[in-house]
Amino acid sequence: MITIACDHCTAVCCKYLALPLDEPETPRDFDDIRWYLMHEGITVFVEDGDWYVQVQTTCRNLQPDSRCGIYETRPKICREYKAGDCDYTSGDYGYDHLFTHPDEIVEYARDQAKKARASTRAKNRRRPRPGSRSTGLPARAGS
Ligand code: SF4
Ligand code: SF4
């Protein structure tokens with residue numbers, strides 16, 4: 001028997017919205033995200049390198065039987081969303097990162113800062129010191 005996934009789902013896709021976020025770079029950006037995550041129903045995720053804030057909120061058009069109350073005139077974003085590769089059927093979100101609590105973004109920001117410092121140190125080590133000269137020629141044997 002062929003079944004349609006939506007008939008068995010409680011309309012997971014109609015109960016949130018996700019909005020793109022600029023990738024955080026500064027301490028202030030990370031602190032803003034920390035604030036988002038202090039709110040109930042907010043998560044932040046990174047997918048394919050892109051950042052999003054997700055808000056758990058049910059669409060006003062969702063009917064008690066989990067069907068769309070404005071099916072014929074539903075927005076394009078709803079029309080484009082395909083059962084089969086959706087929240088209910090796929091379950092694999094492929095997140096690069098998922099933040100559900102303010103402490104998680106603080107830890108992530110610390111890690112990023114640590115990596116940035118390590119990378120700066122490594123670059124500085126590779127740079128010739130001021131005053132050191134190189135002929136660009138290989139050293140002579142025995143020299
Ligand atoms: S598209 Fe997927 S998540 Fe949305 S109602 Fe259908 S099965 Fe559920
Ligand atoms: S408009 Fe309809 S399909 Fe779109 S989110 Fe609302 S209930 Fe779901």
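**Close-up views of a predicted model**

View 1. The shell of ligand 1 consists of Ala5, Cys6, Cys9, Ala11, Val12, Cys13, Tyr81, Ala83, Cys86, Asp87, Tyr88 and Thr89. Its make-up by class is 10 nonpolar residues, one polar and one charged. Ala5 and Cys6, both listed in this shell, fall within the range of helix 1 (residues 5-8), the element with the lowest mean pLDDT, 85.

View 2. Four strands make up an open sheet with the order 1-3-2-4, and their pairing is antiparallel. Strand 1 and strand 4 (97-99) are the edge strands; each has a single partner strand, so one side of each lacks a neighbour in the sheet. From one strand to the next, the twist averages 20°. Strands of a sheet pair through backbone hydrogen bonds, in either a parallel or an antiparallel sense.

**View 3. Strand 3 and its two partners.** Strand 1 (residues 16-21) and strand 3 (residues 50-56) run antiparallel and are joined by six bridges. Strand 2 (residues 42-47) also pairs with strand 3 over six bridges, in the antiparallel sense. Tryptophan 51 of strand 3 is the bridge partner of leucine 21 and also of valine 46. Further along strand 3, valine 53 stands opposite valine 44.

**View 4. The hairpin turn.** Strand 2 and strand 3 form a hairpin, with two residues between the strands. Aspartate 48, in the turn, has a positive phi of about 50°.

**View 5. The chain as context for the close-ups.** The chain contains four helices and four strands, arranged from the N terminus as α-β-α-β-β-α-β-α. Of its 143 residues, 3% are buried. Among contacts with a separation of 6 or more, 68% are between residues 24 or more positions apart. The average pLDDT of the chain is 87, and 85% of the residues score at least 70. Among the elements, helix 2 (residues 27-36) has the highest mean pLDDT, 98.

Note on methods: Residues numbered from 1 in each chain as written. Chains lettered and ligands numbered in written order. Predicted model: local features only at pLDDT ≥ 70, side-chain atom pairs only at ≥ 80, totals over all residues. pLDDT = per-residue confidence, 0-100. Near = placed C-beta within 6 Å. Nonpolar A, V, L, I, M, F, W, Y, C, P; charged D, E, K, R; others polar. Pairing = 2+ DSSP bridges. Buried ≥ 20, exposed ≤ 12 C-beta atoms within 10 Å, placed from the backbone. Contact = placed C-beta atoms within 7 Å. Axes fitted to C-alpha atoms, helices over the stretch in contact; angles between N-to-C directions.
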